[in-house]
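This briefing concerns strand pairing, aromatic contacts, the nonpolar core and salt bridges. Please consult the sequence and the model alongside the text.

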Amino acid sequence: MQIIKVACLALVGTSMLAVSAQAAEITGGELVFSTSKMSDDTDLRALSLEGAVTVDVASGFSVQGDLAHYKFAEIDENVTAMRLHGIYSPSEAADIGLFYGREDGDGINFDTYGLEGTYTTGALTFEGYAMFGEDDEFNNGYGLSATYQAARSFDIEVAYDTVDIDHLELDRWSVKGIYGATEGVSVFAEVGSGSYDFDYAGIEDNDSSSFIGAGIQLNMGRKGGAAMSQRGLSQLMPGL
């Protein structure tokens, strides 16, 4: 894992130096506001504001910066997340990236890094990632999504994510419908299921619950959005 971490820092750092050394082009960006809550307990809800900008730094290479804020109502927790991606695009249909980021809050403090990629074929776009923690509390996380362009202005996304955090494993399934309301503006609704499995010092517990969510996304740039999705534990929590 140390090799992956060093590679992430090296690629992101090199991309940032390239941005400062030459004129760069903003090729995509987005601003997303969303809300979600657990179906069986309306006090377990979350609000999020996420922004991202992708900048081309050389032929086939780009860098992306993410900034997000999450508010969890029941536990009264505010989390700020920042992340940098170094991205290589071997073709118009594919992106391969490394990322490094941090989440800061009263009870959530993680440094994470990992690998990611997207691939588009016809009306289908696939995106996946592997994420690892800087310390022993955050072990790893993985995710895979598939987005299908069902109509000119309507997409369907199916996603699965799993995170292993210090004797606690979280799993998340979701289905999202995305409607392009106007040029550069889309709205979405999401339903899904989240579960956890806790096992420590002879104490075992597990539970699951469905959740719902909705939001609005503003897109910019010729690519109509950021190259890579947001990553992190806070982004995956539908409500706390």
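How many bridges join β4 to strand β5? The two strands, with β5 covering residues 94-104, run antiparallel and are joined by 10 bridges. The model is predicted, so that local features need pLDDT of at least 70 and side-chain atom pairs count only at pLDDT 80 or more, while totals for chains, interfaces and linings use all residues. Residues are numbered from 1 along each chain as its sequence is written, and side-chain values use heavy atoms, with hydrogens and water left out.

**Strand pairing**

- Strands (E, at least two residues) and helices (H or I, at least four) are DSSP runs numbered from the N terminus, and two strands pair if DSSP finds at least two bridges between them.
- Strand β3 (residues 61-72) pairs with strand β4 (residues 77-91) in the antiparallel sense over 12 bridges; L67 has M82 in β4 as its bridge partner.
- β4 and β5 form a hairpin with 2 residues between them, and H85 stands opposite F99 in β5.
- An antiparallel pairing over 12 bridges also links β9 and strand β10 (residues 168-182), with A159 opposite S174 in β10.
- The β9 and β10 hairpin has 2 residues between its strands, and D166 in the turn has a positive phi of about 40 degrees.

**Aromatic pairs**

- The structure holds 5 aromatic pairs (Phe, Tyr or Trp rings, the six-membered ring for Trp, with centres within 6.5 Å; planes under 30 degrees apart are stacked, over 60 edge-to-face, the rest tilted).
- The ring centres of Y113 and F132 are 6.0 Å apart with planes at 40 degrees, so this pair is tilted; Y113 lies in strand β6 (residues 109-121) and F132 in strand β7 (residues 124-133), 19 residues apart.
- Y113 is buried at 4% relative accessibility, and F132 is buried at 7% (buried means under 20% relative accessible area, exposed over 50%, partly exposed in between, with a 1.4 Å probe and protein chains only).
- F132 also pairs with Y142, with centres 6.3 Å apart and planes at 90 degrees, which makes the pair edge-to-face; Y142 is partly exposed at 36%.
- One aromatic cluster is formed by Y100, Y113, F132 and Y142.

**Nonpolar core**

- The largest nonpolar core has 18 residues, of which Y70, F72, F110, F138, V163, I165 and L233 touch the most other members (a core is a set of buried Ala, Val, Leu, Ile, Met, Phe, Trp, Tyr and Cys residues joined through side-chain atoms within 4.5 Å).
- Elements giving two or more residues to this core are β3, β4, β7, β9 (154-165) and α2 (233-236); β3 provides the largest share, 3 residues.

**Salt bridges**

- There are 7 salt bridges (a side-chain nitrogen of Lys or Arg within 4 Å of a carboxyl oxygen of Asp or Glu).
- E25 and R222 meet at 3.2 Å, N to O; E25 is in strand β1 (residues 25-38) and R222 in the loop between β12 (203-220) and α2, 197 residues apart.
- E25 is partly exposed at 38%, whereas R222 is exposed at 56%.
- R231 and E127 form a salt bridge at 2.7 Å, N to O, and both are buried, R231 at 5% and E127 at 13%.
- R172 and E190 meet at 3.6 Å, N to O; both residues are buried.
- Salt bridges that share partners join E25, D56 and R222 into one network.
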